[in-house]
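User: I'm new to this one. Can you walk me through it?

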Amino acid sequence: MDRTEEKICRLIDAHREEIIAFGQDLWTHAELGFQEHRTAGKFAAAMRALGLDTQEGLAVTGVKSFLKPRGSGPVVCLMGEFDGLPIPTHQYANPATGAAHCCGHHAQTAGVMGAALALADPEIAEALDGNVVFFGVPAEEYVEIEKREQMRREGLLRYGCGKCELLRLGALDDVDIVVGHHASCTKKYCVANRSCNGFVTKMIRFEGRAAHAAGEPQAGLDAMNAALIAMHAVDVQRESFRDQDTIRVHGRLSKGAEAANIIAEDVRLEYSVRGRTIPAYLDAAKKLDRSMRAGAVATGCGVTIRTLPGNLPIVPVKDAGVMAEVLGLVCGDTPVTCTGPDFHSTSSGDYGDVSCLMPLLQFNTGGFRGAFHSPDVEEDDPYEAYVVPAKIFALTAYRLLRSGADRAKSILEEFRPTLTREQYLELMEGMLSEERVEPQPLPLLDPASTVV
């Protein structure tokens, strides 16, 4: 470490109790996506207490703070996510909404706040040949889709996740490089420079006709049977998916029949279609669409297929060496692992959208135990969970921007965006669609007719 890096670590350690308290407060007050008003207010207050120029209300609850006056060289964005998951059985679940931080996003936000405490020191800020943005962003988890659809109809948002909305609004237009973090339930330090699946979401409604299931089933159109045929049709598509495309199609019955003795008239499905590349998962999505049509045609029911854009695949950078260096400074005797560009994950996240337009650096740390996305997640080591990420965030920004911002400029020179912002918006808007197949019932037979 050089002298400035040592000072960064000293300052963060001096504020360790404040950083931990901040993280633990968020841990016990989780909020769901695009509803993180308390979290956003707390983060904004911390940024303003440091004298930083701060914007609020971006993509509903996003908060963006600038270390220096705008236009000060390359801009590195340290990003933390605000939202929790709907897991009402967690020990600290919000009693009103069921929200719980079972994915560790609050640790990211605490880490960004802690990094700001150090980088706002005048001597350290002066050593940066560029600017730093501290961005608290909403709604990484793609949940409560019907609620988000309602917000879209009300004009509050257009896409399903926070970073997608921020890109749409131009809130990242003045950012050059994004640094992101994710906690884990093991003590590990990982450079997460891997590719990742993208996905699209399908909301399907089968429209039938109610009738007495025992006394007069022929008078109905069974929307449940239409859904069952459609789900089976999806399954038989799977042999057509190429292995290299890592397609994942998974769904749920979000509304079923009201009773066993009533022919169902309103049955709903929700699917995610994931894949390694945009063409691959859009191809799989078309196969799902025709499966839904098949269920409708076979039963005479109607079907409405709503397509909603999800997240794009993550594109790794060519050189994440600066991230490995910083983890090596902080990790002590714990080995640093690297998932490089040759490693692919079949999960998804809206950092994928960011990575298609600008360089993305990501890292993983520990501090928790249990299994994320389940109710058994617990804090294990508060220092590891909240303070260590703060150091890594701050040291990464410093290494990117010191000495004429040479490291940042090198990453930017090597980066080739997958999409321009205009192409991104065109792609996302193209995925927002609705297809309707009208019911096609056969005429009922004359009940008086018995002629063979």
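User: Where is the place of Ala405?
Analyst: Ala405 lies in helix H12. Helices here are DSSP runs of H or I with at least four residues, strands are runs of E with at least two, and both are numbered from the N terminus. Before going on: this is a predicted model, where local features need pLDDT of at least 70, side-chain atom pairs count only at pLDDT 80 or more, and totals for chains, interfaces and linings use all residues. Residues are numbered from 1 along each chain as its sequence is written, and side-chain values use heavy atoms, with hydrogens and water left out.

User: Is Ala405 buried or exposed?
Analyst: Ala405 has a relative accessible area of 0%, so it is buried. Buried means under 20% relative accessible area, exposed means over 50%, and partly exposed is in between, using a 1.4 Å probe and protein chains only.

User: And what is phi of Ala405?
Analyst: Phi is near 55 degrees at Ala405. That is a positive value in a residue other than glycine.

User: What about phi of His373?
Analyst: His373 has a positive phi too, near 65 degrees, and is not a glycine. His373 sits in the loop between S17 and S18. Its relative accessibility is 46%, so His373 counts as partly exposed.

User: Back to H12. How do the axes of H10 and H12 cross?
Analyst: The axes of helix H10 (residues 321–330) and H12 cross at roughly 140 degrees and come within 9 Å. Axes are lines fitted to C-alpha atoms, for helices over the stretch in contact, and angles run from 0 to 180 degrees between N-to-C directions. H10 and H12 are therefore oblique to each other. The cut-offs: under 35 degrees is roughly parallel, over 145 roughly antiparallel, 65 to 115 roughly perpendicular, and the rest oblique.

User: Which residues of H10 and H12 make the contact?
Analyst: From H10, they include Val322, Val326 and Val330. From H12, they include Ile392, Leu395 and Arg399. Contact means heavy atoms within 4.5 Å. By class, the residues of this contact are eleven nonpolar, two polar and four charged. Ala, Val, Leu, Ile, Met, Phe, Trp, Tyr, Cys and Pro count as nonpolar, Asp, Glu, Lys and Arg as charged, and the others, Gly among them, as polar.

User: Next, H2 and H3. At roughly how many degrees do their axes cross?
Analyst: Roughly 165 degrees, with the axes of H2 (residues 16–27) and H3 (residues 37–49) coming within 11 Å. H2 and H3 are therefore roughly antiparallel to each other. H2 passes H3 in a right-handed crossing.

User: Which residues of H2 and H3 meet?
Analyst: Phe22, Asp25 and Leu26 of H2 meet Arg38, Thr39, Lys42, Phe43 and Ala46 of H3. That contact has four nonpolar, one polar and three charged residues.

User: Which residues of H2 are buried?
Analyst: Ile19, Ile20, Phe22, Gly23, Asp25, Leu26 and Trp27. Their cover includes helix H1 (3–14), H3, helix H4 (105–119) and helix H12 (382–414).

User: How do the axes of H3 and H4 cross?
Analyst: At roughly 10 degrees, and they come within 10 Å. H3 and H4 are therefore roughly parallel to each other. Phe43, Ala46 and Met47 of H3 make the contact with Thr109, Val112, Met113 and Ala116 of H4. That contact has six nonpolar, one polar and no charged residues.

User: Changing topic: what should helix H8 span?
Analyst: H8 (residues 223–237) has 15 residues, so at 1.5 Å a residue it should span 21 Å; its end C-alpha atoms are 21 Å apart, which agrees. The expected span is 1.5 Å times one less than the number of residues.

User: What do the buried residues of H8 pack against?
Analyst: Strands S10 (198–207), S11 (248–255) and S12 (266–275), and helix H9 (278–299). Among those buried residues are Ala223, Met224 and Gln237.

User: Last one: where is Gly98?
Analyst: Gly98 is in the loop between strand S4 (85–86) and strand S5 (99–100). Its relative accessibility is 7%, so Gly98 counts as buried. Beyond its neighbours within four places in sequence, Gly98 is in contact with Leu85, Pro86, Ile87, Pro88 and Ala93.

Methods: A crossing is left-handed if the near helix is turned anticlockwise from the far one by less than a right angle, and right-handed if clockwise.
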